[in-house]
Amino acid sequence: MTTKILMPKIGFSMSEGKLAEWLVADGAQVKEGDLLFALESDKSVQDVPAPGSGTLKIIAPADGVYDVGAILGELV
Amino acid sequence: MESTNRQITTVEALNSAMADAMAFDDNIIVLGEDVADPEEGGVAGVTHGLSTKFGDHRVRSTPISEQAIVGAGIGSAMAGMRPIVEIMMMNFATVAMDMIVNHAAKLRFMSGGQTQVPLTIRMATGAGLSTAGQHADYLEAWFAHTSGLKIVTYSSPAEAYGLLQSCIFDNDPCIFIENFLAYAQKGDAPEKNLRIPLGKANIVRPGKDLTVVCYGPQVGVALAVAEKFSGEGIEIEVVDLRTISPWDKETVLASVKKTGRLIINHEAVRAFGVGAEIAAVVQEELWGQLISPVRRVGAPSCPVPYSRPLELAFMSSEQDLEREVRKTLE
Amino acid sequence: MTSQDIPNKEILVDMYKKSVLAKINDENARRVIMNGSLPMIYYSPRGQEIIPAAVSVNLSDEDTICTIYRGMHDMVCKGVPLSELWGEYAGKATGTCKGKGGPMHITHPSSGCMLTTGIVGSSLPIANGLALSYQIRKENKVCVAYFGDAASNIGAFHEALNMASIWKLPVVFVCQNNRYGEHTKFEKATAVTKISDRAAAYDMPGIHVDGNDPVAMYQAAKTAIDRARNGDGPTLIEAMTFRFFGHVFGDQDGYMDKGEKAQAMAEDPVPKFRAWLIEQDYSSEQELAEYEAAVDKEVKSAIANALAAPWPDMDELNIDVLAAAQ
């Protein structure tokens with residue numbers, strides 16, 4: 001079952017976020033809870049955990065700004 | 001049955017509305033500053049005798065704590081009581097705005113209908129007693145702009161009785177506005193326990209030439225002006241809203257459809273007042289049918305002044321209404 | 001001023017179960033926010049669970065609470081059902097409030113959760129009102145007002161404590177002092193060192209307690225609740241605690257002292273309580289692990305149901321504004 005990786009909304013005023021870097025390589029095996037990507041805001045960087053388990057398929061490249069809710073990748 | 005010629009004052013009417021309601025339903029309690037008899041039954045004596053008759057557990061003089069007073073009213077109403085809380089003067093409601101606007105008005109909706117606030121908040125106000133800027137404001141437009149509240153006021157002692165009883169037994173938070181100068185007004189005694197429905201306006205005086213929508217003591221002003229114009233062959237229809245919000249659009253629109261002319265007459269400041277909303281709705285609904293633009297009588301945009309001649313000029317008078325009537329009839 | 005009652009094994013295990021119910025709900029809340037499946041503005045109570053667990057075991061179903069936006073722990077400990085709680089978080093028709101109130105306004109009268117407010121300090125005057133009705137009608141019920149340290153600086157707190165005291169209302173004021181009001185340290189915002197000292201200004205008992213200590217918190221809560229129920233009036237409890245995830249979840253805690261949060265998290269009261277129960281032989285690893293797994297399953301199921309539930313009808317904009325026409 002494929003799990004979508006979405007840009008989360010964290011905090012009041014966030015409408016988009018910067019995916020600073022992927023912490024896992026494209027095609028690697030991921031377990032739910034493993035740290036998956038670094039989310040950068042004006043103030044700091046947060047590591048976001050995997051929402052499920054599977055093989056990572058990266059859709060959104062690193063160092064990009066995406067809307068809240070955007071599909072960044074999938075866990076197949 | 002009581003003789004309808006018996007005359008009572010507004011204070012007596014309000015007092016007996018509460019006393020009769022409290023005898024009928026022991027869920028009704030009264031909270032407010034100085035409301036109990038040891039404290040002389042309220043600043044205008046409106047609650048005189050209630051604590052002696054019903055006990056000081058049901059009628060309580062409170063500290064000067066409007067947030068706590070209204071909060072106690074909200075919580076006890078949520079528990080199924082019918083509290084009447086008194087805010088001594090409408091301006092002091094500002095101290096309790098969070099309780100009124102963020103809580104009382106909104107809890108039914110925000111709870112998805114699970115809780116309700118059958119609370120009556122009585123507030124007195126009105127210029128003409130030289131109390132100046134912080135003790136005389138009519139703030140009904142602020143409350144009308146907040147959904148979830150009912151706002152009611154009366155134009156005679158009998159109306160005061162019937163409308164206050166309706167507020168007490170209503171399941172929504174009701175703001176019941178009293179007027180200082182009108183406390184001494186005399187009028188026919190009401191029928192005991194006869195409630196006047198909320199949300200329905202009253203055509204106090206029918207007429208075919210021009211509609212004046214008003215409420216509170218301005219109804220008396222409108223009637224006096226209507227009498228005068230009747231002598232000139234012009235018949236003014238005076239509509240007493242009774243409930244300012246939600247207002248009786250149907251009655252008002254039917255009246256203006258008939259007359260083609262509307263003036264809204266209130267003591268509150270004209271700018272951004274209740275009249276502005278009514279005027280907007282009427283012109284939207286009856287655009288092609290209006291003979292002249294909708295006009296409004298209200299106070300100037302300044303705090304209620306202290307100095308007597310300034311205060312009198314501030315208050316919406318018969319002359320102010322007459323002037324607007326003449327402009328409308330041109 | 002604490003009761004001499006020591007909670008027995010059953011009470012202690014019940015308290016732990018309530019606290020871990022809150023913890024697991026919180027963990028899942030943070031999980032679904034981080035993975036984007038249920039975005040919401042969330043005020044995490046993680047770290048504060050022992051307080052409502054200890055208060056709730058002293059309350060009956062008829063007693064009521066008024067709480068605030070950081071109140072999910074208060075709500076689940078009182079018994080707000082999970083699927084309706086999550087339905088409301090998701091803004092769905094199946095929520096406690098048909099989706100119309102959201103997390104800051106959770107209301108569930110049948111479990112006694114009468115009010116959740118988004119306004120700091122407003123739980124207190126309304127709790128007084130509920131308590132007033134119990135007093136007038138001579139009902140053997142108590143209302144608990146939950147609030148934070150910063151609320152003790154707002155006018156409504158002072159008005160409510162004064163009124164509750166003069167009228168001896170059956171209300172308990174539970175201040176969860178997590179050391180921060182939004183981003184401002186408690187010490188910077190508050191003229192007293194101990195909020196419980198403010199009780200004296202209102203002629204009521206003030207109890208200063210470690211809110212993360214299950215036995216101490218139980219005793220403080222029991223003392224205050226019994227007092228209220230006996231008609232002796234209100235109590236102000238200041239329960240010391242710490243919040244692990246900032247003011248609103250997503251906060252980066254830049255305003256906190258370095259290491260302060262890490263230290264508090266190292267002392268996490270919920271696993272500490274768990275370990276102690278096992279050590280005392282009041283429960284076993286198996287019993288607790290089974291319970292926790294069952295709770296997690298129930299929470300995940302409630303979340304899944306909430307995500308799948310329908311949105312409210314558009315008609316709901318016009319419903320519950322005023323009473324339905326008779």
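Biologist: What share of the contacts in chain C with a separation of 6 or more comes from residues 24 or more positions apart?

Modeller: In this predicted model, residues 24 or more positions apart account for 75% of those contacts in chain C, where a contact requires C-beta atoms, placed from the backbone, to lie within 7 Å.

Biologist: Why is chain C called as compact as a globular protein of its length?

Modeller: The globule rule gives 20 Å for 326 residues, and the radius of gyration of chain C is 19 Å, which is close to that value, so chain C is as compact as a globular protein of that length. Its secondary structure comes to 12 helices and eight strands, and its C-alpha atoms fill a box of roughly 60 × 50 × 40 Å along the principal axes.

Biologist: What makes a residue of chain C count as buried, and what percentage of the chain does so?

Modeller: A residue is buried if 20 or more other C-beta atoms lie within 10 Å of its own, and 56% of the 326 residues of chain C count as such.

Biologist: Which chains share the most contacts, and how do you know what chain C brings to its contact with chain B?

Modeller: Two pairs of chains are in contact, and of these chains B and C share the most contacts. The contact takes 32 residues from chain C and 35 residues from chain B; on the side of chain C, β2 (113-117), α5 (123-136) and α6 (155-167) each supply at least two residues, with the largest share, nine residues, coming from α5(C). By class, that side has 17 nonpolar, 11 polar and four charged residues.

Definitions and conventions. Residues numbered from 1 in each chain as written. Chains lettered and ligands numbered in written order. Predicted model: local features only at pLDDT ≥ 70, side-chain atom pairs only at ≥ 80, totals over all residues. Helix = DSSP H or I, 4+ residues; strand = E, 2+ residues; numbered from the N terminus. Nonpolar A, V, L, I, M, F, W, Y, C, P; charged D, E, K, R; others polar. Rg over C-alpha atoms; globule rule 2.2 N^0.38 Å. Buried ≥ 20, exposed ≤ 12 C-beta atoms within 10 Å, placed from the backbone.
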